[in-house]
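Dear colleague,

Please find the structure we discussed below. My notes on it follow directly after the coordinates.

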Amino acid sequence: MANPAQAPALPQRLVNFFARYPPQLHSAAVRRPAPRPKEATVPQTPLPSPYTSDRDAKGAQALKPTEWTPAKALLVTSDTVRNPFLPHKRFGKWESPRYGLRQQADLMKLAIKYKVETLLPPSRKSPEFKDKRRQERGLQVKGTGIGQKVKGHKWERTMESRLEDRRKAMEGMPEMVRMWKQVGLDSTFFLTSLTRTNREVMDVDGSNGPSGNGNAPTELVEASFYSSFWRYTTNILCTIQTAVTYPNASQWTLTHHIQPLLLRSPVEKGPSFGVSDY
Amino acid sequence: MAKKAKSRTVAVRLISMAMTGYYRTMIRPRVHRPLSMMKYDPVVKKQVLFLEATKGGKNK
């Protein structure tokens with residue numbers, strides 16, 4: 001380490017600074033080693049895909065202002081030797097740094113030019129601190145740091161669920177078309193009901209299937225049930241058949257008289273009126 | 001004052017049952033039954049069932 005006071009090549013401003021704050025006491029190279037309470041503060045666990053509607057899939061949280069970080073640890077110095085680049089607590093009150101941020105930046109730029117930046121005290125303007133902080137915070141654009149993700153457009157976040165909906169709908173499409181051709185184009189109720197609940201109808205796994213209108217007998221539903229689509233279709237068929245055969249049928253009539261009739265002739269094949277006249 | 005007479009026809013929206021958000025707009029007589037037809041859906045590149053939307057646009 002060269003003594004800066006004997007280096008005539010340095011500008012006068014740096015010489016004055018090193019004379020006032022000798023690097024043997026104040027430089028970043030001899031500062032007290034920083035305590036390391038934690039090894040890593042940034043989350044290293046894999047994050048869920050941002051292409052979902054999941055609210056937790058928006059990436060890591062931003063750093064808390066008071067949280068320990070490796071960059072902040074660089075600024076920790078000995079209490080006995082005051083760092084002129086940092087605020088100092090004295091008699092219970094905070095004193096400003098001897099050198100403001102602008103002066104620090106000027107000194108740091110000069111020191112970098114003459115390659116003596118390591119002889120300056122730890123500072124927010126040092127390249128080391130800036131590098132560390134860049135690693136932690138990214139480019140100060142939300143989501144670009146380590147372990148963070150950008151929020152993305154809504155179409156990106158919902159893409160996965162929409163494709164899943166579409167896939168399920170296309171899986172159930174042949175059945176739906178078959179049913180549509182059988183039940184017929186005349187059935188107003190079929191069309192409007194199916195349209196209103198098409199999302200539920202196409203839900204193949206039946207986890208949140210339609211609740212139905214309660215008109216279908218339970219045994220009948222169970223008998224022809226292998227998806228929500230069929231359960232709902234059975235409801236509709238029962239209603240149609242009831243309305244045609246028994247226009248004034250009540251729930252009690254349906255349960256006690258029409259249900260046995262329907263059970264006797266299964267409805268999987270659908271009613272006979274249909275597409276021939278369309 | 002008498003209300004304005006309703007038009008004889010209505011414009012309806014036929015929604016693709018492939019859940020792609022694609023739809024067609026057609027005009028049918030007001031007293032006609034709801035429309036439904038097999039039409040081409042360019043998103044899934046297939047012919048799929050299109051059903052008429054209910055009034056009020058509750059279905060999506």
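In this predicted model, the largest nonpolar core holds 17 residues, and those touching the most other members are M173(A), M17(B), L49(B) and F50(B). Three elements each supply at least two residues of this core: helix 8 (173-183) of chain A, and strand 1 (9-16) and strand 4 (46-52) of chain B. Helix 8 of chain A provides the largest share, five residues. As a general background, nonpolar side chains tend to be buried together in soluble globular proteins.

Helix 8 of chain A

The buried residues in helix 8 of chain A are M173(A), M176(A), M179(A), W180(A) and V183(A). Viewed down the axis of helix 8 of chain A, these buried residues fall within an arc of 125°, so they line one face of the helix. The face turned away from that buried side carries P174(A) and R178(A), which are exposed.

Helix 1 of chain A

Which residues of helix 1 of chain A are buried? They are L14(A), F17(A) and F18(A). Seen down the axis of helix 1 of chain A, the buried residues fall within an arc of 95°, and they therefore line one face of the helix. On the other side of helix 1 of chain A, the exposed residues are Q12(A), N16(A), A19(A) and R20(A). The cover over the buried residues of helix 1 of chain A includes helix 2 (23-26) and helix 4 of chain A.

The axes of helix 1 (residues 12-20) and helix 4 (residues 101-113), both of chain A, come within 10 Å and cross at roughly 105°. Because angles of 65 to 115 degrees count as roughly perpendicular, helix 1 of chain A is roughly perpendicular to helix 4 of chain A. At this contact, R13(A), L14(A) and F17(A) of helix 1 meet L107(A), L110(A) and A111(A) of helix 4. The residues of the contact between helix 1 and helix 4 of chain A divide into five nonpolar, no polar and one charged.

The two chains

For reference, the overall figures for each chain are as follows.

- Chain A has 13 helices and two strands. Buried residues make up 23% of its 278 residues. Among contacts in chain A between residues at least 6 apart in sequence, 60% join residues at least 24 apart.
- Chain B has zero helices and four strands, in the pattern β-β-β-β along the sequence. Of its 60 residues, 27% count as buried. Among contacts in chain B between residues at least 6 apart in sequence, 34% join residues at least 24 apart.

Individual residues

Most residues other than glycine have a negative phi. K115(A), although not a glycine, has a positive phi of about 60°. K115(A) is placed in the loop between helix 4 and helix 5 (127-137) of chain A. Why does K115(A) count as exposed? The reason is that K115(A) has 8 C-beta neighbours inside 10 Å, and a residue is exposed if that number is 12 or fewer.

In chain B, K45(B) has a phi near 60°, a positive value in a residue other than glycine. K45(B) is found in the loop between strand 3 (36-41) and strand 4 of chain B. With 8 C-beta neighbours inside 10 Å, K45(B) counts as exposed.

Finally, S7(B) lies in the segment before strand 1 of chain B. S7(B) counts as exposed because it has 10 C-beta neighbours inside 10 Å. S7(B) and P29(B) are 22 residues apart along the chain, and their C-alpha atoms are separated by 8.9 Å.

With kind regards

Definitions and conventions. Residues are numbered from 1 along each chain as its sequence is written. Chains are lettered from A and ligands numbered from 1 in the order in which they are written. This is a predicted model: local features need pLDDT of at least 70, side-chain atom pairs count only at pLDDT 80 or more; totals for chains, interfaces and linings use all residues. Axes are lines fitted to C-alpha atoms, for helices over the stretch in contact, and angles run from 0 to 180 degrees between N-to-C directions. Angles under 35 degrees count as roughly parallel, over 145 as roughly antiparallel, 65 to 115 as roughly perpendicular and the rest as oblique. Two residues are in contact if their C-beta atoms, placed from the backbone, lie within 7 Å. Ala, Val, Leu, Ile, Met, Phe, Trp, Tyr, Cys and Pro count as nonpolar, Asp, Glu, Lys and Arg as charged, and the others, Gly among them, as polar. A nonpolar core is a set of buried Ala, Val, Leu, Ile, Met, Phe, Trp, Tyr and Cys residues joined through C-beta atoms within 7 Å. A residue is buried if 20 or more other C-beta atoms lie within 10 Å of its own, exposed if 12 or fewer, and partly exposed in between; C-beta atoms are placed from the backbone. The arc is that of the directions from the helix axis to the C-beta atoms.
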